[in-house]
Amino acid sequence: RQLEAAAESLLLAHSFEQGQQRAGVAIDLGNLAVLRGQVDEARGFYDEAIRLAAGDQQIIFSARLNRARLAATDARLVELDQLSAAIAQMPDSPSKTRWQINLGQQYRLAGAGGLERAYGQLASARSAAAAQDPALLAEALDSLAQLYEDQGRIDDSLRLTRQGLAAAAGAPAGMLGDRLV
């Protein structure tokens, strides 16, 4: 959480990189700008990442997903629906599962209009993660538990939290990072 130090390092890397590498750094700078409350700056970095992606769909999708969280609720739902349709066409992969978790979390934060979509994304992520990675499964279960808690379904939330902790216990050392903090 040393945002100033992170900004210095990322801006230095951003000045030296080109192409897709610079696009990746631009996404990180956008995320940092969001943490610092600099929405316009964040949007600019995400747009830069899309321009520099050179057709790399992972970079483009990540930048669009991050940029969507900056939009007003109605516009965010439209953008998230477009991203959801695109992700439905992708083959299963850990990246797809991470994006589904992110979509589910963003739908959750969009209020009543996004709840059903949040459940769908997080349930799909949970199923996919079960076959992919215990750390991802723990993350999907945690997000689903939060959604249930928001809806007052405390018993279901606790059950999912316990399942998430069990999945996390099965993850290789170092795979969870700060996900459980």
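Guide: Helices here are DSSP runs (H or I, at least four residues), numbered from the N terminus, and their axes are lines fitted to C-alpha atoms over the stretch in contact, with angles from 0 to 180 degrees between N-to-C directions. The model is predicted, so local features need pLDDT of at least 70 and side-chain atom pairs pLDDT 80 or more, while totals for chains, interfaces and linings use all residues. Residues are numbered from 1 along each chain as its sequence is written, and side-chain values use heavy atoms, leaving out hydrogens and water.

Let's start with helix α1 (residues 3-16) and helix α2 (residues 19-35): their axes come within 9 Å and cross at roughly 155 degrees. That makes α1 roughly antiparallel to α2 (the term covers angles over 145 degrees). Their crossing is left-handed, meaning that the near helix is turned anticlockwise from the far one by less than a right angle. Contact means heavy atoms within 4.5 Å. On the α1 side, Leu3, Ala6, Ala7, Leu10, Leu11, Ala13, His14 and Ser15 take part; α2 brings Arg22, Val25, Ala26, Asp28, Leu29, Leu32 and Leu35. Sorted by type, these residues are eleven nonpolar, two polar and two charged.

Phe61 sits in helix α4 and Trp99 in helix α6, 38 residues apart. Phe61 is buried at 4% relative accessible area, as is Trp99 at 10% (buried means under 20%).

Methods:
Helix = DSSP H or I, 4+ residues; strand = E, 2+ residues; numbered from the N terminus. Parallel < 35°, antiparallel > 145°, perpendicular 65-115°, else oblique. Nonpolar A, V, L, I, M, F, W, Y, C, P; charged D, E, K, R; others polar. Buried < 20%, exposed > 50% of the residue type's maximum accessible area, 1.4 Å probe, protein only.
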